[in-house]
Amino acid sequence: MAKILVSEKVHPCGPALLEQAGHEVIYLERREQRELAEKLKDADGLFVRVMDITPEMLEEAHRLKIISKHGVGVDNIPMEAAKKRGIAVTITPGANSQAVAEHTFALLMALAKNLVPVSDAYRTIGFEAKNYPEGAELEGKILGVIGCGRIGSRVAKMGLGGFDMEVLVYDPYLEAVPKGCQKVEALMDLVRRSDAITLHAPLSQETHHMISKEILTAMKPTAYLINCARGPMVDEEALIQALKAGALAGAGLDVTEMEPANPENPLFHMANVILTPHYAPATLDTAMKVSTIGCQNLVDFFAGLEPAGRLL
């Protein structure tokens, strides 16, 4: 049987599957890169969330045969190094899609309705908080969705069916978009027309800082930016300056360029910004689904079966 290293806290239902299959499950005592590198040396499989795996770690991990990602983003896994060493890589497709899509709208609605500043004001100045500047309704507004995969398509459908929004989609890798949506060929076209822009593309060289100073300047001053994808997709310094200048109405960010974000980050101190700590997938439902699928991938792999979501 295989020795499986679980690098971070996961719902116990997944590791229980590994143990039921007869595998040995080991854990990190501390969330430290040094300990991860050391314990990888004699592990046959790895179940990882967001800790960074380096090519050097894989060079020393002579027994490692598979990396199972807890989620779908593989920017913390050196894919070329894994491919070179013949290490399989799997993800858990679809497991967190609903949770992230719902969090996207939770952020958007909280911004549009001024929920955070009004709630804070109610606690400090009392009922006079009802005189806070009015919020906005989403019905009839234009929602711009960048990246329309499993999560983006759910967000698009929520905007269409739940709020009667007009939905624009920018995704150069798709030929068709959800029924009722409009596919746009130019990112700038979506940016200039949208009342809310939400990011759901993977992080790559192409998408790094795709939300640039130029893009932010082109947004409507009444528009909101939502990012539940990856922090480096947004030029954070440009975003801070754009918010200060009133180039957009606000931002809801579940991810930041550096994680964890520096406590001195100006975004923490802006009334029109909501920051959450990569919390979008953090529902009990998703935790159980991701842990189960990720560990089932390991069970299937070592049983000679084809695991779900295999990338390598």
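Which residues are buried in helix α10, residues 236-245? Keep in mind that this is a predicted model. The buried ones in α10 are Glu 236, Ala 238, Leu 239, Ile 240, Ala 242 and Leu 243. An α-helix has 3.6 residues a turn, so residues three or four places apart point the same way. As for what covers the buried residues of α10, the list includes α9 (213-218), β10 (224-227), β11 (250-253) and β12 (273-275). Just after α10 comes Gly 246, with a positive phi of about 75°.

Next, the sheet. It is open, has 5 strands with parallel pairing, and runs in the order β2-β1-β3-β4-β5. At the edges are β2 (24-27) and β5 (88-90), each of which pairs on one side only. On average, and ignoring direction, neighbouring strands of this sheet are turned by 20° against each other. Helix α11, residues 284-302, packs on the sheet and touches β1, β3 (45-48), β4 (66-69) and β5. The direction of α11 makes about 170° with that of β3. Back to strand β1, residues 3-6: β1 and β2 pair in the parallel sense over 4 bridges. Lys 3 stands opposite Glu 24 in β2.

Last, the rings. How many aromatic pairs does a search of the whole structure find? The search finds 3. One of them is stacked, because the rings of Phe 105 and Phe 163 have centres 5.0 Å apart and planes at 10°. Phe 105 lies in helix α5 (residues 97-112) and Phe 163 in helix α7 (residues 150-163), so this pair ties together parts 58 residues apart in sequence. Phe 105 counts as buried, at 6% relative accessibility, while Phe 163 is partly exposed at 22%.

Terms used
Residues numbered from 1 in each chain as written. Predicted model: local features only at pLDDT ≥ 70, side-chain atom pairs only at ≥ 80, totals over all residues. Heavy atoms only, no water. Phe/Tyr/Trp six-rings, centres within 6.5 Å; stacked < 30°, edge-to-face > 60°. Helix = DSSP H or I, 4+ residues; strand = E, 2+ residues; numbered from the N terminus. Buried < 20%, exposed > 50% of the residue type's maximum accessible area, 1.4 Å probe, protein only. Contact = heavy atoms within 4.5 Å. Pairing = 2+ DSSP bridges. Axes fitted to C-alpha atoms, helices over the stretch in contact; angles between N-to-C directions.
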